[in-house]
Amino acid sequence: MMGQIGRGHLGRLGLAASLLLFVLPAAVDAHAELQSATPIDGATQVGSPVEISATYSEPMAVSGSSLRLVDPSGTEVATGGVDPANDLRMAIVPVPSLSPGVYTVQSTTRSAADGDIDRTTWTFTVVNATASPSANPTTGSTTARPTSANSTAAPTTAAATTGPTAAPTPGTVTTPGSGADVLLPIVAAVAIVGGAATWFSRRGRSSGTR
């Protein structure tokens, strides 16, 4: 009886030991490993990125976890750390203005579970933004200015020609048609006829007297 109990205990101990063989390596190898990155490794970025961030396989301790941004000369230009709202994420925000070149992000994580350290790096390239096509309409607007100037000059010339000429015309037509200009020749004719009649009348009288 005692032998059977002893064998039962040994069996349970063996099973527990077997489970530990599977569990312990996983616990020992607990690292917060990189899952995704922004910008992604090898990306070409037009201008400075809005943010530099990464997500990891397990929670990270704030102390000992960091991101470092290094420029093409090897100089550190910005740093970041664990997101206070998400311990599976680290970010550099805001990102400084970056000149064109190849930049390296150096990631160091410290596992919140057991303090294990994991390091990894990735790179991205910054290029200048291409020239904006909005410069072309400037030439079009320059060409359009002479056209608008000509169209402005045309109405001005027309107004100068028709305006002053039209004003005197009604006055000229109205003046000869006035009553004074018509009566003057009639009065003159009556005066001449009257004068002539008076002269002949006086001459006749003088002849009769003789």
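Modeller: A polar contact here is a pair of N or O atoms within 3.5 Å; within protein, one must be able to donate a hydrogen and the other to accept it, and residues adjacent in sequence count only if both atoms are side-chain atoms. Keep in mind that this is a predicted model.

Biologist: Where is Ser65 found, in a strand or a loop?

Modeller: In the loop between strand 3 and strand 4, the latter covering 66-70.

Biologist: And is Ser65 buried or exposed?

Modeller: Buried. The cut-off is under 20% relative accessible area, and Ser65 has 6%, so it counts as buried.

Biologist: What does Ser65 touch, leaving out residues up to four places away in sequence?

Modeller: Met60, Gly81, Val82, Met90, Thr108, Thr109 and Arg110. Take Thr109: it is 44 residues from Ser65 along the chain, yet their C-alpha atoms are separated by 4.3 Å.

Biologist: Let's switch to Ser111. Where does that one lie?

Modeller: Also in a loop, this time between strand 7 and strand 8. Ser111 has a relative accessibility of 1%, so it counts as buried.

Biologist: Which side chain does Ser111 join in a polar contact?

Modeller: The side chain of Glu58, at 2.3 Å. Glu58 is also on the list of residues in contact with Ser111 once neighbours within four places are set aside; the others are Ala30, Ala32, Pro59, Ala61 and Asp116.

Biologist: Now the strands. Which ones pair with strand 3?

Modeller: Strand 1 (residues 34-38) pairs with strand 3 in the antiparallel sense, over 4 bridges. Strand 6 (residues 86-92) pairs with strand 3 in the antiparallel sense too, again over 4 bridges.

Biologist: Give me some partners. What is the bridge partner of Ser36 in strand 3?

Modeller: Thr55. As for strand 6, its Ala91 stands opposite Ser53.

Biologist: Why is strand 3 largely enclosed?

Modeller: Because 4 of its 5 residues (52-56) are buried, the rest of the structure largely encloses it.

Biologist: Which residues have the most contacts inside the largest nonpolar core?

Modeller: Ile52, Tyr56, Leu69, Trp122 and Phe124, in a core of 20 residues. Strands 3, 4, 5 (76-83), 6, 7 (101-110) and 8 (117-127) each give two or more residues to this core.

Biologist: Zooming out, how many helices and strands are there?

Modeller: The protein has 4 helices and 8 strands. Along the sequence they run α-β-β-β-β-β-β-β-β-α-α-α.

Biologist: How much of the protein is buried?

Modeller: Of its 210 residues, 19% count as buried.

Biologist: What share of the contacts between residues at least 6 apart join residues at least 24 apart?

Modeller: That would be 61%.

Biologist: Last topic, confidence. What is the average pLDDT?

Modeller: The average is 72, and 49% of the residues score at least 70. Over residues 131-178 the pLDDT is below 50, and that stretch has 4 contacts in the model beyond near neighbours in sequence.

Biologist: How many contacts does the model have for residues 23-27, beyond four places in sequence?

Modeller: It has 2, and the pLDDT stays under 50 there.

Key:
Residues are numbered from 1 along each chain as its sequence is written. This is a predicted model: local features need pLDDT of at least 70, side-chain atom pairs count only at pLDDT 80 or more; totals for chains, interfaces and linings use all residues. Side-chain values use heavy atoms; hydrogens and water are left out. Buried means under 20% relative accessible area, exposed over 50%, partly exposed in between (1.4 Å probe, protein chains only). Two strands pair if DSSP finds at least two bridges between them. Contact means heavy atoms within 4.5 Å. A nonpolar core is a set of buried Ala, Val, Leu, Ile, Met, Phe, Trp, Tyr and Cys residues joined through side-chain atoms within 4.5 Å. pLDDT is the predictor's confidence in each residue, from 0 to 100.
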